[in-house]
Amino acid sequence: MFAGKKILIGVSGSIAAYKIVHLVRLLVKAKAEVQVIMTPAAKEFVTPLTLATLSKKEVLTDLATGNTWANHVALGRWADLLLIAPLSCNTLAKMANGHCDNLLLSVYLSATCPVMVSPAMDEDMWQHPATKKNINTLKAFGHIVLAPHHGELASGLIGEGRMEEPEQIIRQIEAFFAGQSSDLSGKKVLITAGPTHEAIDPVRFIGNHSSGKMGYALAIECRRRGAAVTLVLGPAPGIRKQDLAGITVINVVAAEEMYQACREQFATTDIAIMAAAVADYRPDQASNTKIKKQEGGLELQLVKTKDILASLGAIKSEKQLLVGFALETNNEESNALEKLQKKNADFIVLNSLSDGAAFGADTNKITIYSKAGEKFSFDTKSKDEIARDIIDTILQNNANQTI
Ligand code: CTP
């Protein structure tokens, strides 16, 4: 499975280091060439001898032994992937801040290959704002973070912080290599997904039934094809954080926050796909206190939200591809074409509620219209397959061929 692949495994100090013994064995069996590097603390948990025997290579632990210097630059360039597992809180903090006091950190800082990390720690440490900040820093560096799981922890407590199992890590590495060689490698894709919630008061909002599944499927597909993906995600409780490894997720609630996040990201984006069901109106003033029931009716003064797709269409360069969605119940084609033109998108993906599309469903039926006047129709398919069709279509038919 991994023939010809060179994988550097950095082991830091955590009880979960015992899982690396099994992981190294699985990787070697799958024909990967594995070089293990251990931090001084890691040696307290598992011996270099065990890992050297399984990896069939001397385990590196020190910057220098006797007169020999471990060439950390060459190591960082040798590898196709640097996997740091388990990633302890301490090593995480050092990576996020550029510290360099052991061989693993100097290899990390000089590595030119992609980096994947699998954190392991107690729940309280995992939940600490300092850890969250450090993890976000690693994500912003473009590293793939395999979120830890809920389960029994070394402390005897039950909670979030358990390192990903070796078999799952293998799957993630496989997915990573599958995506790496493909057509979106080196590209940055921005995707919006889910509904937005516009506050009426502290307990009520205006929202819609969007599940976020289409945007989620697009994010996974783009990630699989090697893109660096940023997903701006509205409140969609069905989308699980742990399924978004390797994707930078910006959680937002209201349309204004989604707008701000997209504007910040857009300048460095190659492809933007606006799959969110953004509220078109919000209450003019959200009440700070719960609105009490009164005699008679209640009137809410609504004002328009900003149209994110249109605002990106107004500033987009010729090198950027912009894709919108149109959810329609009637006059589908003319409404979709009007949106394509008015919002200056390159493609618009039409979902028709009267033709098989449904909120929350796992399937969808779409038609894609291009700025160049083409029309691409598809049968009802799973959202994963639809995501593939959308990406294939926009890559094969973008008029400028810039992507
Ligand atoms: N969209 C957006 N910002 C908004 C509203 C919509 O970015 N404030 C985007 C959606 O993500 C989608 C496209 O615009 O890609 C069309 O959304 P849709 O709800 O179908 O159309 P609207 O422009 O809102 O028009 P209408 O509700 O009248 O159909």
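This is a predicted model: local features need pLDDT of at least 70, side-chain atom pairs count only at pLDDT 80 or more; totals for chains, interfaces and linings use all residues.

Trainee: At roughly what angle do the axes of helix 9 and helix 13 cross?

Mentor: Helices are DSSP runs (H or I, at least four residues), numbered from the N terminus. Axes are lines fitted to C-alpha atoms, for helices over the stretch in contact, and angles run from 0 to 180 degrees between N-to-C directions. Here the axes of helix 9 (residues 213-224) and helix 13 (residues 383-397) cross at roughly 60° and come within 8 Å. Helix 9 is therefore oblique to helix 13; angles under 35 degrees count as roughly parallel, over 145 as roughly antiparallel, 65 to 115 as roughly perpendicular and the rest as oblique.

Trainee: Which residues of helix 9 and helix 13 meet?

Mentor: Contact means heavy atoms within 4.5 Å. On helix 9 the residues include M214, A217 and L218, and among those they meet on helix 13 are I386, A387 and I390. The residues of this contact of helix 9 with helix 13 comprise eight nonpolar, no polar and six charged. Ala, Val, Leu, Ile, Met, Phe, Trp, Tyr, Cys and Pro count as nonpolar, Asp, Glu, Lys and Arg as charged, and the others, Gly among them, as polar.

Trainee: Which residues meet between helix 4 and helix 5?

Mentor: T91, K94 and M95 of helix 4 meet L104, L105 and Y108 of helix 5. By class, this contact of helix 4 with helix 5 has four nonpolar, one polar and one charged residues. The axes of helix 4 (residues 89-97) and helix 5 (residues 103-110) come within 11 Å and cross at roughly 40°.

Trainee: Is I169 buried or exposed?

Mentor: Buried means under 20% relative accessible area, exposed over 50%, and partly exposed in between (1.4 Å probe, protein chains only). I169, in helix 8 (residues 166-180), counts as buried because its relative accessibility is 0%. Leaving out residues up to four places away in sequence, I169 touches L23, L83, S118, L146, M163 and E164.

Trainee: What is the relative accessible area of L26?

Mentor: L26, in helix 1 (residues 18-29), has a relative accessible area of 22% and is therefore partly exposed. The C-alpha atoms of L26 and P166 are separated by 8.0 Å, although these residues are 140 residues apart along the chain.

Definitions and conventions:
Residues are numbered from 1 along each chain as its sequence is written. Side-chain values use heavy atoms; hydrogens and water are left out. Helices (H or I, at least four residues) and strands (E, at least two) are DSSP runs, numbered from the N terminus.
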